[in-house]
Amino acid sequence: MDPATEAFLAHRNLLFTVAYEMLGSAADAEDALQETWLRWVDVDLDTVRDQRAYLVRITTRQALGRLRTLSRRRESYVGPWLPEPLLTAPDVAEDVELADSVSMAMLLVLETLNPTERAVFVLREVFDLEYDEIAGAVDKNPAAVRQIAHRARAHVAARRPRGDVSAVESRAALEAFRLAVETGDLQRLLDVLSPDVVLLTDGGGVRPAALDPVVGAGRVAAVLGRIAAAASLRPAQVNGCPALILRLDGAVDAVIALRIDDELVSGLYVVRNPEKLSRVERESLLSR
């Protein structure tokens, strides 16, 4: 293997995570990585002091360019926009900081930052890069980056989801929720939902979905109670959090990611947009 390919593959998982956390889309993250690779193969490696930092800088610039375009598209998106769900391994959930940073709830918080703030926050708070390294990636001086980081940190802290939930609590809540949905038992659903639970449904204007958030246990339970009895619900881990993959006639119809607080489901993120389900469909079939 040539040195350029070896270096790129060694850091590929890191680069993908950086791009995904900035873009909220696995497909766009892969495109950003493809552009990174095309630029990387033209670099004279003898001039590169820190290959990891250099690759992160290229990826960040590619993601920033895409993010500015995507931000304009999302302004006209039909209904709530949710990140593309990403199947994650159990060890991701064990890494509390990483699981938190890729969770649906956190990615939605990051959506409220401007592109440069988001890049700085991800590189500093998630990957702990030095300010001078980040400066090179976002074309700012280190002093400006420090100010942006402080502003982004305060913004996220005011909106950050609540505390951590143990793996045991997550599994128990997911199983209780799954049984409640499968049986269509309204009371059982009410027992597992937080009184102020919020349901967001992303159909992308292609699949039927609520155009506004559904708030409150009673209203959310009523929506969930309409899930077809023929649906197959399989537990999964999506974006480091408990989730269900809903299949109809053998195909993935929706991914339902859960946010859990105090052993109750406080947030539900339902992705039905087919463009955002192709990766889950492919990877779930491979894992069978």
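A helix axis here is a line fitted to C-alpha atoms over the stretch in contact, and angles run from 0 to 180 degrees between N-to-C directions. By that rule, the axes of H2 and H3 come within 8 Å and cross at roughly 130 degrees. The model is predicted. Its largest nonpolar core has 50 residues.

**The largest core**

- Tyr-20, Trp-40 and Leu-110 have the most contacts inside the 50-residue core.
- Eight helices each supply at least two of its residues: H1 (3-10), H2 (12-23), H3 (26-40), H4 (51-74), H7 (104-110), H8 (115-126), H9 (131-138) and H10 (142-159).
- H2 gives the largest share, 8 residues.
- In soluble globular proteins, nonpolar side chains tend to be buried together.
- Tyr-20 has contacts beyond its neighbours within four places in sequence. They are Ser-25, Ala-26, Ala-29, Pro-83, Glu-84, Leu-86, Val-102, Leu-107 and Asn-239.

**The other core**

**H2 against H3**

- The two axes cross at roughly 130 degrees, so H2 is oblique to H3.
- The crossing is right-handed.
- From H2, the residues that meet H3 are Arg-12, Leu-15, Phe-16, Ala-19, Tyr-20 and Leu-23.
- Their partners in H3 are Ala-26, Asp-28, Ala-29, Glu-30, Ala-32 and Leu-33.
- Thr-36 is also found in H3. Thr-36 is buried, with a relative accessible area of 0%.
- Leaving out residues within four places in sequence, Thr-36 is in contact with Phe-8, Leu-55, Ile-58, Thr-59 and Gln-62.

**H4 against H9**

- The axes of H4 and H9 come within 8 Å and cross at roughly 45 degrees. That angle makes H4 oblique to H9.
- H4 passes H9 in a right-handed crossing.
- Ala-53, Arg-57, Thr-60, Arg-61 and Leu-64 are the H4 residues in this meeting.
- H9 brings Glu-133, Gly-136, Ala-137 and Val-138 to it.

**H9 and its buried side**

- Tyr-131, Ile-134, Ala-135, Ala-137 and Val-138 are buried in H9.
- These residues cover an arc of only 165 degrees around the axis, so they sit on the same side of H9.
- The buried residues of H9 pack against H4, H8 and H10.
- Asp-139 follows H9 and has a positive phi, near 60 degrees.

**Val-120 in H8**

- Val-120 lies in helix H8. Val-120 is buried, with a relative accessible area of 0%.
- Not counting residues up to four places away in sequence, Val-120 touches Glu-125, Ile-134, Val-138, Val-145, Ile-148 and Ala-149.
- Val-120 and Arg-159 are 39 residues apart along the chain, and their C-alpha atoms are separated by 17 Å.

**H13 and its buried side**

- Helix H13 spans residues 217-224, and its buried residues are Ala-217, Val-220, Ala-221 and Leu-224.
- They cover an arc of only 100 degrees around the axis, which puts them on the same side of H13.
- These buried residues pack against two helices, H11 (167-183) and H12 (186-192).
- They also pack against strands E1 (193-202), E2 (214-215) and E6 (264-271).

Methods. Residues are numbered from 1 along each chain as its sequence is written. This is a predicted model: local features need pLDDT of at least 70, side-chain atom pairs count only at pLDDT 80 or more; totals for chains, interfaces and linings use all residues. Side-chain values use heavy atoms; hydrogens and water are left out. Buried means under 20% relative accessible area, exposed over 50%, partly exposed in between (1.4 Å probe, protein chains only). Helices (H or I, at least four residues) and strands (E, at least two) are DSSP runs, numbered from the N terminus. The arc is that of the directions from the helix axis to the C-beta atoms. Contact means heavy atoms within 4.5 Å. A nonpolar core is a set of buried Ala, Val, Leu, Ile, Met, Phe, Trp, Tyr and Cys residues joined through side-chain atoms within 4.5 Å. Angles under 35 degrees count as roughly parallel, over 145 as roughly antiparallel, 65 to 115 as roughly perpendicular and the rest as oblique. A crossing is left-handed if the near helix is turned anticlockwise from the far one by less than a right angle, and right-handed if clockwise.
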